[in-house]
Amino acid sequence: MTVTGRAWKFGNNVDTDAIIPARYLNTSDPVELAAHCMEDADPTFAKKVAAGDIIVAGSNFGCGSSREHAPIAIRAAGVSCVIARSFARIFFRNSINIGLPIFESPEAAADIQNGDEISVDIESARIVNVTSGREYSALPLSDEIREIIADGGLVNHVRKKVRRDA
Amino acid sequence: MGMTLTEKILARHSGRDRVRPGDFVVARVDLVLGNDITAPVAIKEFERMGAPRVFDPGKIALVPDHFTPNKDIKSAEQVRMMREFARKYMIANFFEVGQMGIEHCLLPERGMVVPGDLVVGADSHTCTYGALGAFSTGVGSTDMAAAMATGELWFKVPETMKFVFTGRLNRWVGGKDLILYTIGRIGVEGARYRAMEFAGPAISSLSIDGRLTMANMAIEAGAKNGIFMPDDKTVEYLKGRTSRKYELETSDEDAEYHSVHEFDASEIQPQVALPHLPENARPVNEVKGVRIDQVIIGSCTNGRIEDMREAAQILKGRKVARGVRCIVIPGTQAIYLQCVREGLVETFVEAGAVVSTPTCGPCLGGHMGVLAAGEKAVSTTNRNFVGRMGHVESEIYLSGPAVAAASAVVGEIASPDEVVSQ
Ligand code: SF4
């Protein structure tokens with residue numbers, strides 16, 4: 001599968017409080033969360049983001065709390081994929097588990113400019129900058145992780161297992 | 001080649017003789033934790049997974065602590081969902097207001113974690129229990145749901161970084177200062193994906209409360225877990241709290257480390273981490289004089305009895321400065337009661353502080369002390385991110401309880417020495 005969208009650039013250490021502030025965590029409704037996505041990093045983001053757009057960030061994206069509301073808010077806002085120089089561990093795990101594609105690529109994170117049109121092949125982890133014509137490679141995912149993604153996230157992965165054991 | 005304690009625990013729980021950093025394992029869990037923010041999401045995912053029951057009702061803990069006592073209708077609905085789930089699946093460890101405390105203060109206090117355990121919690125500060133020699137790490141809600149359904153979870157075995165603290169601790173220096181100093185040295189992603197193992201004479205002399213504070217903030221260096229070798233102090237702490245059997249397993253002499261960092265504790269002064277990252281740690285004397293509006297003493301980092309005693313030692317017979325709001329939050333009901341019995345509550349109230357029922361409350365800008373635009377707070381919590389405690393233009397300075405209490409008295413960031421020698 002290939003996703004295409006405009007790049008929204010963010011800096012280093014974008015934490016989960018910036019992605020979805022705790023003051024909105026008295027709900028887990030994706031639509032409500034999406035309305036406040038990235039609010040403390042860029043208050044206009046939720047209004048302007050278009051379906052398919054891609055977040056491109058520096059290092060340690062998603063650091064801070066374990067709130068799954070962070071990748072949920074991003075996905076519900078219509079973001080098709082997140083590319084960063086590096087991700088915080090729990091955010092990485094949560095994104096995989098809910099099926100938000102996410103790629104570590106220092107090259108892409110450094111080179112892509114705000115507003116560039118980007119297309120990403122999810123399986124091969126090839127990132128193409130349509131605006132500049134440049135291509136970048138991302139860190140390939142491990143077999144175990146690809147299996148979870150192939151099952152459509154951890155819920156389906158466990159469903160399969162539950163049925164097998166029953 | 002030997003193994004680190006983190007590797008040993010992961011190996012044992014995945015039925016292997018040995019594991020190496022980078023290996024993917026599917027491991028059995030001993031305890032699964034969720035709170036009023038993360039459990040509702042996990043409960044929905046659990047239902048979608050179609051499991052007929054939870055893997056073991058005795059190995060699940062549900063702690064409503066973030067927005068409790070319920071701050072609004074939505075929070076009340078979230079807690080109701082947890083309560084009903086607990087009833088449906090016979091989960092005894094659902095802690096209602098009156099029994100509840102901040103999860104990471106409560107679980108160790110209740111003896112629910114022993115050395116060698118593998119614990120996962122849908123809360124990033126689940127790494128706290130590494131203080132007792134367990135492998136303990138934060139996960140998301142879907143992970144929590146999978147763990148509740150199957151009793152196991154996938155892990156990538158982390159590399160271990162070892163931090164050796166030599167020398168003796170200075171006065172007013174505790175676990176919080178050591179961990180802020182460490183994060184100041186390696187940065188907020190200095191231990192990303194790795195285990196942080198703490199050792200050395202200064203660590204052996206540190207109480208379990210102090211170790212819990214340190215392990216708590218391993219995540220602030222990006223780590224997967226923090227871990228301490230269980231010792232006499234661990235055994236002493238667990239006495240009367242648990243009847244479970246456990247072994248005092250430690251890292252092998254010839255274990256392989258990603259890196260070893262040695263710090264001389266006698267050179268570490270009380271620390272303050274400046275806005276907006278925990279890695280902005282400085283000795284308090286370099287940041288003295290910043291005017292503040294609020295002080296928070298509590299949280300899963302510093303809401304334990306020793307922290308309360310340290311704060312009281314400074315506040316006793318003194319007054320919170322005019323224009324400063326000082327909020328003290330004992331981490332659990334038992335700690336609260338102990339504060340009452342030891343006269344600490346009296347000390348706090350006489351000083352002009354307020355004492356709250358256990359809650360995460362202001363730590364995440366939830367309730368009970370949210371900051372307005374432009375306000376500055378000294379807080380014994382663990383995160384000083386933009387907007388963490390309220391308005392995006394507010395500022396948080398992280399410290400241990402001694403610096404926080406001293407700052408409350410002076411009205412600006414202050415060293416405990418200035419106040420106590422007055
Ligand atoms: S006290 Fe703060 S850091 Fe600790 S669990 Fe509660 S919200 Fe999280």
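I began with C360(B), which is buried, with a relative accessible area of 10%. I call C360(B) buried because 10% falls under the 20% cut-off. I keep in mind that this is a predicted model.

Next I looked up where C360(B) sits in the chain. I found C360(B) in the loop between β15 (354–355) and β16 (376–379) of chain B. F67(B) is 293 residues apart from C360(B) along the chain, yet their C-alpha atoms are separated by 7.0 Å.

I turned to the ligand. Which residues are closest to the ligand? I noted H125(B), C300(B), C360(B), C363(B) and N382(B) as the closest, out of 13 residues that surround the ligand. Helices α4 (103–109) and α10 (299–302) of chain B are the elements that give two or more residues to this shell. I sorted the shell by class and got 5 nonpolar, 5 polar and 3 charged residues.

Where does the ligand sit? I found the ligand in the largest cavity. I also looked at the domains. The ligand lies between domain 1 (5–263) and domain 2 (272–417) of chain B, because both give residues to the shell around it.

Last, I looked up the largest nonpolar core. I recorded 129 residues in this core. F61(A), I74(A), L62(B) and F348(B) have the most contacts inside it. Helix α14 (residues 401–410) of chain B gives the most to this core, with 7 residues. I saw that domain 1 (5–263) and domain 2 (272–417) of chain B each supply at least three residues to this core.

Notes
Residues numbered from 1 in each chain as written. Chains lettered and ligands numbered in written order. Predicted model: local features only at pLDDT ≥ 70, side-chain atom pairs only at ≥ 80, totals over all residues. Heavy atoms only, no water. Near = heavy atom within 4 Å. 1 Å grid on protein atoms, 1.4 Å probe; cavity = no way out; pocket = protein on both sides within 12 Å on 5 of 7 lines; lining within 4 Å. Sits in = over half its atoms within 2 Å of the grid points. Helix = DSSP H or I, 4+ residues; strand = E, 2+ residues; numbered from the N terminus. Nonpolar A, V, L, I, M, F, W, Y, C, P; charged D, E, K, R; others polar. Domains from an automatic or database assignment. Core = buried A, V, L, I, M, F, W, Y, C linked by side-chain atoms within 4.5 Å. Buried < 20%, exposed > 50% of the residue type's maximum accessible area, 1.4 Å probe, protein only.
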